[in-house]
There are 2 protein chains.
Amino acid sequence: MTGLREKILTTASNLFQTQGINSTGVDTIVAVAGTTKMTLYKYFGSKEVLILEVLKQGHQDFQNWLNDKLSTNTKQPTEKLQKLFDYIEEWVTSPDFHGVGFIKASAEFPKEDNPVHQLSSQQSQQFKQYIHHLATEANIKDAEGLALQLSLLFEGAVQAEQMKRGSGAIKYAKTAAKFLIDGALKH
Amino acid sequence: MTGLREKILTTASNLFQTQGINSTGVDTIVAVAGTTKMTLYKYFGSKEVLILEVLKQGHQDFQNWLNDKLSTNTKQPTEKLQKLFDYIEEWVTSPDFHGVGFIKASAEFPKEDNPVHQLSSQQSQQFKQYIHHLATEANIKDAEGLALQLSLLFEGAVQAEQMKRGSGAIKYAKTAAKFLIDGALKH
DNA sequence: ATCATCCTATACAGATTAGTATAATCGTAG
DNA sequence: CTACGATTATACTAATCTGTATAGGATGAT
């Protein structure tokens, strides 16, 4: 028993990433996961609930992984900030990287009153605040500005990497990030 | 007579931007445009053709507008590069800004063999090469690297601006871009 | 063995979608 | 006036999708 609920979650996550969310039917998910619709709707009351759960899981996985890396491998606040994009690169280029959910989700659900859009927007802001937190601890003057700039680079790079895998976008985003961070540290 | 074909094109462009491409039915488009499906299918053989045509139109409009601004208001190559994001900000914050098509399209059509994905990927690369061209004329050493970084900032900022209108993402992308450009000019 | 629980298998309802067929209507040129 | 091209109006097909209903297995505990 590997847990049917989790199996459905990871299968849906992979399919959403590779085929798109709206283009992935429930029938396809259960077929690939090796189960039936009845069990899917038992664990997740609707497709929308499943989408939200996939987003939550993916975001939590990333946040946990990143936070773990930063808290165990670095000590000083400025070092955390400087190594942030090293770990992001490690995450994005890892073979089991399955994309950043909230970027794709916000594009597929653009209406602001949509729950999926709201969650992805919230997750995007949460990640930005995480960088903001790192920047303030590193005594950056305009911490909010730097956080926004770095999150722009992050989202742009992930977008580019999704559009063409192995494009090396992350590498250049990393050098740009270091440059921006070093510049902000001097003030 | 305002031209039915154009009316359908702009209507579809707006709806795709605000509601998403896959979530916008052909019936909705013709209802808003004030025509019928028969005329739509007369001008555009299929919904996919319409999507492609909307993408082409939007990309061409942007490229023409930007190129015009740069060629009339600036003369020196380095000045063009430095004012690039000023004009991008002007474009993005203009009231009739209807998004950057290829960013949303590539998210909604992730399969690489899909014609819509291929066109949007091609347009993204075309924009990057345009910046590359500006950078080489300004005698930037690593012109390709800078072009990639600036396009990352551009796509990230547009993405953020789409996610939350008036977020000011463009403003911070602009300062980051100027910083990166100035840094690259010193070598 | 029996019973309950979890899962499967399959069929179906109801809604939505892209695309087509057909007939009616309008404006305009000759 | 007539004839023609363009557009409308409407109904339809065929496919697809979410969600449900119903019946049948499998397994494990008591």
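**Exercise 1. A salt bridge in chain A**

In this predicted model, the side chains of A:E79 and A:K83 meet in a salt bridge, 3.8 Å from N to O. Locate both residues and state their separation along the helix.

*Solution.* The criterion is a side-chain nitrogen of Lys or Arg within 4 Å of a carboxyl oxygen of Asp or Glu. Both A:E79 and A:K83 belong to helix α5 (residues 77-93) of chain A. They are four residues apart, about one turn of the helix. Over all chains, the structure holds 14 salt bridges.

**Exercise 2. Packing of α8(B) and α9(B)**

Determine how the axes of α8 (residues 143-163) and α9 (residues 169-185) of chain B are oriented.

*Solution.* Helices are DSSP runs (H or I, at least four residues), numbered from the N terminus. First, the two axes come within 9 Å and cross at roughly 175°; axes are lines fitted to C-alpha atoms over the stretch in contact, with angles from 0 to 180 degrees between N-to-C directions. Because angles over 145 degrees count as roughly antiparallel, α8(B) is roughly antiparallel to α9(B). Next, the residues in contact (heavy atoms within 4.5 Å) include B:L146, B:L150 and B:L153 of α8(B), and B:I170, B:L180 and B:I181 of α9(B). By class, this contact has 14 nonpolar residues, one polar and one charged.

**Exercise 3. The contact between chains A and B**

Describe the contact of chain A with chain B by its residues, buried area and polar pairs.

*Solution.* Chain A contributes 41 residues and chain B 40 residues. The buried area, the accessible area (1.4 Å probe) lost on being put together and summed over both parts, is about 3,300 Å², with 63% on carbon and sulfur atoms. In chain A, A:L152, A:M163 and A:Y172 lose the most area to chain B, together 21% of what that side buries. Between the chains there are zero salt bridges, and ten residue pairs are in polar contact, both residues at pLDDT 80 or more. Such a contact is a pair of N or O atoms within 3.5 Å, one able to donate a hydrogen and the other to accept it; residues adjacent in sequence count only if both atoms are side-chain atoms.

Conventions. Residues are numbered from 1 along each chain as its sequence is written. Chains are lettered from A and ligands numbered from 1 in the order in which they are written. This is a predicted model: local features need pLDDT of at least 70, side-chain atom pairs count only at pLDDT 80 or more; totals for chains, interfaces and linings use all residues. Side-chain values use heavy atoms; hydrogens and water are left out. Buried area is the accessible area (1.4 Å probe) that two parts lose on being put together, summed over both. Helices (H or I, at least four residues) and strands (E, at least two) are DSSP runs, numbered from the N terminus. Angles under 35 degrees count as roughly parallel, over 145 as roughly antiparallel, 65 to 115 as roughly perpendicular and the rest as oblique. Ala, Val, Leu, Ile, Met, Phe, Trp, Tyr, Cys and Pro count as nonpolar, Asp, Glu, Lys and Arg as charged, and the others, Gly among them, as polar.
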